[in-house]
Amino acid sequence: IRDEKITEFFQGVFKSHMDEEGNVTFDKLGKILTSLGRQVSQERILKIKRKYGAEETGMIDWKDPDFIMTVASLNVVNVKAIEDGVFSTAFRIFDMDSDGRISLHEMRIVLSLFLPVQIQQEQEMVETTIYGMDTQKDGEIRFGDFVKGVKDSGTFHISMYREEFLLASLMVAGFVLYQIFKEFGILPVIGVYEGPLGV
């Protein structure tokens, strides 16, 4: 079901770019990828075009599962560039009950389509993003919270790393003090206490 939904999502995005004859031309691929938060060089686009034999027709076979998986494998670079229509398509497809809500479990799958790989590799960040979307604390995520959560994930939150920054700051401060004491020859002596003097 997971792979079927992912395929349905990407096909839905390409379908929204069809012309009156039901075709999607390859010159639209860059724009479509940008709407998905992917930023791909023109050279890479040409390689994809050659690989899927579209040089003669100039058309994208958006129903080809291999082509869809190639697009899905491209890393998200800019979540801010993801268009509202893309969010709507994903939410509609993964909203199994059509009740305007997606479960936390399903949202983990959805986020694999929207988050940069470096964020996906940080399990704590993924869980923080998901539970941050659950504003009603009922295990369900609404569309507005989903969109906000994804866009906010692209912003670096220093508060998420306050303990790490505090520890790093203390280490730097300790090193600076050590260098100052060393300069004036007043380094602290670290030894083992062996009892009262003269014993």
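1. Lys-5 lies in helix α1 of this predicted model. Despite its charged side chain class, Lys-5 is buried, with a relative accessible area of 18%, a value that falls under the 20% cut-off for burial. Leaving aside neighbours within four places in sequence, the residues in contact with Lys-5 are Ile-93, Phe-94 and Met-96, and of these Ile-93 and Phe-94 are listed among the buried residues of α5.

2. Val-13 is also a residue of helix α1, and at 2% relative accessibility Val-13 counts as buried. Once neighbours within four places in sequence are set aside, Val-13 is in contact with Ile-32, Ser-35, Leu-36, Val-86 and Thr-89. Val-13 and Ser-88 stand 75 residues apart in sequence, while their C-alpha atoms are 9.8 Å apart in space.

3. For helix α1 as a whole, the buried residues are Lys-5, Ile-6, Thr-7, Phe-9, Phe-10, Gly-12, Val-13 and Phe-14, and they pack against α2, α4 (65-73), α5 and α6. An α-helix has 3.6 residues a turn, so residues three or four places apart point the same way.

4. Helix α5 has Val-86, Phe-87, Thr-89, Ala-90, Phe-91, Ile-93 and Phe-94 as its buried residues.

5. Two packed helices are described by the angle between their axes and the distance between the axes. Helix α5 (residues 84-94) and helix α9 (residues 143-153) pack at an angle of about 125 degrees, and their axes are 11 Å apart; the two helices are therefore oblique to each other. The crossing in which α5 passes α9 is right-handed. On the α5 side the contact is made by Asp-84, Phe-87, Ser-88 and Phe-91, and on the α9 side by Phe-143, Phe-146, Val-147, Val-150 and Lys-151. Sorted by class, this contact of α5 with α9 has six nonpolar residues, one polar residue and two charged residues. Phe-87 and Phe-91, which take part in the contact, are also among the buried residues of α5.

6. Two loop residues deserve a look at the backbone. Ser-98, in the loop between α5 and β1, has a phi near 55 degrees, which is a positive value in a residue other than glycine, and Ser-98 is exposed, with a relative accessible area of 64%. Lys-137, found in the loop between α8 (123-133) and β2, likewise has a positive phi of about 55 degrees although it is not a glycine, and Lys-137 is exposed at a relative accessible area of 64%.

7. As for the chain overall, there are ten helices and two strands, and from the N terminus on the elements run α-α-α-α-α-β-α-α-α-β-α-α. Of the 199 residues of the chain, 34% count as buried. Among contacts in the chain with a separation of 6 or more, residues 24 or more positions apart account for 67%.

Definitions and conventions. Residues are numbered from 1 along each chain as its sequence is written. This is a predicted model: local features need pLDDT of at least 70, side-chain atom pairs count only at pLDDT 80 or more; totals for chains, interfaces and linings use all residues. Side-chain values use heavy atoms; hydrogens and water are left out. Axes are lines fitted to C-alpha atoms, for helices over the stretch in contact, and angles run from 0 to 180 degrees between N-to-C directions. Helices (H or I, at least four residues) and strands (E, at least two) are DSSP runs, numbered from the N terminus. Angles under 35 degrees count as roughly parallel, over 145 as roughly antiparallel, 65 to 115 as roughly perpendicular and the rest as oblique. A crossing is left-handed if the near helix is turned anticlockwise from the far one by less than a right angle, and right-handed if clockwise. Contact means heavy atoms within 4.5 Å. Buried means under 20% relative accessible area, exposed over 50%, partly exposed in between (1.4 Å probe, protein chains only).
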